[in-house]
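Thanks for coming, everyone. Let me put the structure up, and then we'll walk through it.

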Amino acid sequence: MSTQITGTLDAHGHLDHDHKPRGLARWLFSTNHKDIGTLYLLFSLTMLFIGGSLAMVIRAELFQPGLQFVDPHFFNQMTTVHGLVMVFGAVMPAFVGLANWMIPLMIGAPDMALPRINNWSFWILPCAFGILLSTLFMEGGAPAAGWTFYAPLSTTYSGDSTAFFVLSVHLMGVSSIMGAINVIVTIWNMRAPGMTWMKLPLFVWTWLITAFLLIAVMPVLAGVVTMVLTDKYFGTSFFDAAGGGDPVMFQHIFWFFGHPEVYIMILPAFGIVSSIIPTFARKPLFGYESMVVATASIAFLSFIVWGHHMFTTGMPVVAELFFMYATMLIAVPTGVKVFNWVATMWRGSMSFEVPMMFSLAFIVLFTIGGFSGLMLAIIPADFQYQDTYFVVAHFHYVLVTGAVFGIIAAVYYWIPKWTGVMYNERLAQVHFWCSLVSVNMLFFPMHFVGLAGMPRRIPDYALQFADLNAFMSVGGFLFGLSQLLFLWGVVRCMRGIGERATDRVWEGAQGLEWEVPSPAPYHTFDTPPVVK
Amino acid sequence: MRHRSSGLRQAKTYLNHPLAAAPLLAASFPAGAQETRFNMTRGATELSQQVFDLHMTIFYICVAIALVVFSLMFWSIVHHRKAKGVVPAQFHGSMKIEILWTAIPVLILVAMAVPATRTLIAMEDTSASELTVLVTGSQWKWHYKYLDYPIEFYSVLATPRAQIANEAEKSPDYLMAVDKPLVLPTGKKVRFLLTADDVIHSWWVPDFAIKKDAVPGFINETWARIDKPGLYYGKCAELCGRDHGFMPVAVDVKTPADFEAWAAQQVALAEQAKAEAASAGPMTMDELMALGQQVYDSACVACHQASGEGLPGVFPALKGSAIATGEPGAHIHIVLFGKAGTAMQAFAKQLGVKELAAVITYERNAWGNAKGDMVQPADIVAAIEKGE
Ligand code: HEM
Ligand SMILES: [Cu+2]
Ligand SMILES: [Cu+2]
């Protein structure tokens, strides 16, 4: 892709008087996509550490059989808030942050299309999570019905934090929907001349599709939490059989949101990996069109598989079979993506800087999560897997070694562009290897204990699971500690410590984001580049 | 042994023998335990064996695919590296290959779907059953009612709280044993009807490959035909509140003859208990307090806590509470009939009149609630007759 840049370089000249406010006001009132991207990413990092600390409480309690540290009710609060914080606070905002930073740079736009909405959608988030986390300190504690908050445990039988929980989920939803609208409008209208649909980088494509998913399902989540609220406080009976409702209907509505939600957390990571692999293989992405089609098929299928979370609820056999076949079908486009990545590497000229290492780990470990997902689709076997640690293993492989590894790869890949300095490669390699070993110590044995019969969401277990749980807890603590290395690496770059980065940063890098200086100036592409 | 079983289940079966010897237990442990510490059980029914086979088949297919894909990837990583001076090829797509690697997985998936569908249809066919049990979950116990016999009872965790709190050594059946297991005959098609009183629970016995949700207000069905006598363990598999982890399932499977003998004995025992309850005389304060503490520790402690202080904001304290220190009528009423729309259940049918009298007396006189009054079995009988 050859590019001709005008404007940007002139802007470079008056970098220092580009009218950016100083101090706190710069961040509070910012409408600049780069500042807001930074805010999102820092927020997500904070949430990763908060959610991680809660996970450490879980792993400490599960280190040995018996109750050592926490009451079971508090344990349930830990799993619930850990899940909510990781999903809505760590993974989703990280992707929005990356979208903010990178989409305008990748499509040659000067900023996001709706900068004020952008500011608003970010600043709602700290309020939402402030409310959610404050419930930990209330009498009766935080929500404790799991991140899936099944009724009636979350309605009739829940504590008074439910009202706060519902409010905070509404805020998260508003923030996500505004972010998604912004992404769609930006991609639709602000592509530089010549940046046709089939030239869009895959990260942009996957985010576009993700944004449509978000707009489709976040209102469903808003609906279901509102029904929880009115069931608990205003005497409705949506989910109460005594009043003519149905607790299982809650699950249908929740998972109609929840399944697309898991793809919301993985599609942008697919986009990231599809950008990184060609760079370090020094070879164009294999099967670009089929990657786009596969992403769109996954998004479509994600709307018709929600029942696979509910095989034990007593659905009619025909419905069970439908959901089983549809779920198995998702393996096909997912497989196509993995094959395309491998084909991209094939006969390339690879080097193994840290973004590449995380991407390779992503491919292998995400695929392991995909395999266990396929196993979970086979209903008779799912009756044995459902609600055990096998499921916990499955979704951590796709979320931690999938989504989170994708995010970490993206940070290492683009941080030289953001800060103008290279991260410390040796530190980052240590971070990678520590994470890789510990994450597998943590999550791999979960397959075994799950198959052997250990249910999820329990604070204490039978003696046969003791040794593996101790091992997993050690893995968990090591994984938690390893992320401090990541924090250190990021802080170094933010403080400008390290080698100066070149504009292109990576030898094999392609795309508009590498045409602007490093660090990317406050305003880029004031005059659109022309993509030939 | 044709049907391999979990080591702990064997251990428990040995324990059931009066002559169970510790060395035997230790010796039997590792051999059988291997399998189900890392993998799914083959279980004790034809269907559980089929489920196990299905699980292993998909697992091997996944491993095969993984081997092919990852070998290619690692081969490429080793050979196609810049450090070796490789010049990158510039190909970037092939329709033929894309079609190929879409079509092959579809065929593999169809091959997986066929046996899965067959097994599923068999698992969901509850017709022609020979015995029916209604299983009801409530926070945090199971209730079993035999529809073909006048037998029903609650089944709760038998592990003493001291073991959970690490104050006593943990027994081998830690968190698995219950006070009264469900008893079933071998060789008969047993139909289970599942429902719940409060929140959703899920009744899971891995050895029967049964996991089915117990949903309040609805009835689910499933079934099992168990081949071999023995004690089988399971758990509640749906988060159901604070003590979700402490809600085990145990099923004692007997030969049909032993089962009939057990059923007859249960019916006789129930008659006897009824007669005793009707004629229960007054108890002394010491008797009431001793029995009361016992009942409290098994039926109430999960919510109201050993200290009687409850969990602020979730379960109320009984220590110094208005009801526990007020007039006995209201206290008896809430314990007998519960409070609708809260976790406080009705205990009138769960406990005997002596136990009810004792636990109420206990609550009125423990933790510094020094009311000094006694509630007698006769008061309970009167309150039950009066009704809600
Ligand atoms: C520090 C690394 C992590 C550790 C040690 C960890 C550990 C755990 C454990 C042990 C559970 C199971 C709790 C239970 O079922 O009893 C759990 C649940 C969960 N985790 Fe993580 N986790 C980590 C990171 C993450 C990340 C990064 C995500 C999301 C992207 C995540 C998402 C979830 C979700 C959604 C649940 C389910 C919560 C629920 O059952 O309601 N975890 N985690
Ligand atoms: Cu799903
Ligand atoms: Cu439960």
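Chain A and chain B bury about 8,100 Å² between them. Of that area, 70% is on carbon and sulfur atoms. Keep in mind that this is a predicted model. Why quote an area at all? Because the size of an interface is often given as the accessible area lost when the parts come together.

Now the residue counts. On the chain A side, 93 residues are in contact with 95 residues of chain B.

Next, the polar side of things. The rule finds 27 residue pairs in polar contact across the interface of chain A and chain B, both residues at pLDDT 80 or more. Which elements of chain A give two or more residues to the side that touches chain B? Among them are α4 (72–107), α8 (247–264), α12 (354–377) and α16 (466–494). α11(A) gives the most, with 15 residues.

How many salt bridges does the rule find across this interface? Three. One to look at joins Arg242(B) and Asp71(A). Their closest N and O atoms are 2.7 Å apart.

Last stop, the metal. What coordinates the copper ion (ligand 3)? Four residues of chain B: Cys236(B) through SG, Glu238(B) through O, Cys240(B) through SG, and His244(B) through ND1. The distances run from 2.1 to 2.4 Å. Along the chain, the donors follow the spacing C-x1-E-x1-C-x3-H. Two of these residues, Glu238(B) and Cys240(B), are buried.

And the geometry? The four donor atoms subtend angles of 85 to 124° around the copper ion (ligand 3), so the arrangement is irregular.

Conventions. Residues numbered from 1 in each chain as written. Chains lettered and ligands numbered in written order. Predicted model: local features only at pLDDT ≥ 70, side-chain atom pairs only at ≥ 80, totals over all residues. Heavy atoms only, no water. Donors = N, O, S within 2.8 Å, 3.2 Å for Na, K, Ca; no water. Tetrahedral: all angles 85-135°; square planar, octahedral: opposite > 155°, others 65-115°. Buried < 20%, exposed > 50% of the residue type's maximum accessible area, 1.4 Å probe, protein only. Contact = heavy atoms within 4.5 Å. Buried area = accessible area lost by both parts, 1.4 Å probe. Salt bridge = Lys/Arg side-chain N within 4 Å of Asp/Glu carboxyl O. Polar contact = N/O pair within 3.5 Å; in protein donor to acceptor, adjacent residues only side chain to side chain. Helix = DSSP H or I, 4+ residues; strand = E, 2+ residues; numbered from the N terminus.
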